[in-house]
Amino acid sequence: MTAVSAPRRIAVVSAGLSNPSSTRMLADRLAAATIAELAAKGIDATVDTIELRDVAHDITNNLLTGFAPPALESAINTVVSADALIAVTPIFSTSYSGLFKSFIDVLDPDALTGMPVLIGANAGTARHSLAIDYAIRPLFAYLHAEAVSTGVFAASSDWGSSADQVAPLSSRVDRGARELADAVARREPAGSADPFDPANYLGEGRSFGHLLGGLAGE
C-alpha cells in the first residue's frame, strides 16, 4: 500500500505595484508549475498568494509602531507557517523593490530559517537579471532560508513574440519549480501555526512585553 504524503502549503509573495502586473503573472506561473511538480510526486499542495500592494500601508505602520494590523498579521503568519515560499519582486534601481524589502523587514529574522524559497524577479530588460544573485539571494541567505539554485527572471520581452527561444521562460519556470518541489518533498510538513501566538510574528520566546520594552529603549 502506497503511503499518502501529507498535504503541503506554498506561500507566494508578489511585490508588484500595478494591477494586473507582470510580477503577479510570474508568481502565478511559478506557483502553478510547483503544484504540478508536487502532484507528480504524489503530494497535494495548496497556494496562498499575498499581494504586498494590498498591505503596503500596514507594512509602513508596522515599521513605525512595531505592531502588525490584522491583514498584515495574517499575511505574515501565512508566510512563516508555509512549507515553502515563492517570492517575486520587480527590479527597481538594480535591486528588489522597497515594498518587497519592507515586508521582509517586518518578519522575524529567524522566521524563514530552513524554508525552501524560489526567487522570481522581473524587469523591463534582461540587463537586470543578475539582481537575483547579487541582491535577492543574499537577502534570503542572511535569513537562513534555503533558496533553490535556480532563480527565475522575466524581462518584458519574455512575455511577447520576441521571447528568448534558447532558454525560454517556460523552461526556466519549470526548472525552478522542479527544484522547489524537490526541496519541499525532502522536508517534513510544516506544523500549523497558531495565528494568536505572538511567537509567530515576534520571534520564539518573545512577547508583547519584549516589544514594548524594545520600543521604550529606542
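Predicted model: local features only at pLDDT ≥ 70, side-chain atom pairs only at ≥ 80, totals over all residues.
Student: What share of the residues count as buried?
Tutor: Of the 218 residues of the protein chain, 45% count as buried, where buried means under 20% relative accessible area, exposed over 50% and partly exposed in between (1.4 Å probe, protein chains only).

Student: Switching topic, how many aromatic pairs are there?
Tutor: A search of the whole structure finds two, a pair being rings of Phe, Tyr and Trp (its six-membered ring) with centres within 6.5 Å, and planes under 30 degrees apart count as stacked, over 60 as edge-to-face and the rest as tilted. The ring centres of Y96 and F100 lie 6.3 Å apart with planes at 35 degrees, so that pair is tilted.

Student: And which ring does F140 pair with?
Tutor: F140 pairs with F100, their centres 6.3 Å apart and their planes at 70 degrees, so the pair is edge-to-face. This pair links distant parts of the chain, 40 residues apart, with F100 in helix 4 (residues 98–106) and F140 in helix 5 (residues 131–142); helices (H or I, at least four residues) and strands (E, at least two) are DSSP runs numbered from the N terminus.

Student: Is Y96 buried or partly exposed?
Tutor: Y96 is partly exposed, at 22% relative accessible area, whereas F100 and F140 are both buried.

Student: Which residues touch the most other members in the largest nonpolar core?
Tutor: Among its 39 residues, they are L52, L85, F103, L112, I136 and F140; a nonpolar core is a set of buried Ala, Val, Leu, Ile, Met, Phe, Trp, Tyr and Cys residues joined through side-chain atoms within 4.5 Å. Helix 5 gives the largest share of this core, six residues.

Student: What is L112 in contact with, beyond its neighbours within four places in sequence?
Tutor: L112 is in contact with V79, L85, L107, F140, L143, H144 and A145, contact meaning heavy atoms within 4.5 Å.

Methods. Residues numbered from 1 in each chain as written. Heavy atoms only, no water.
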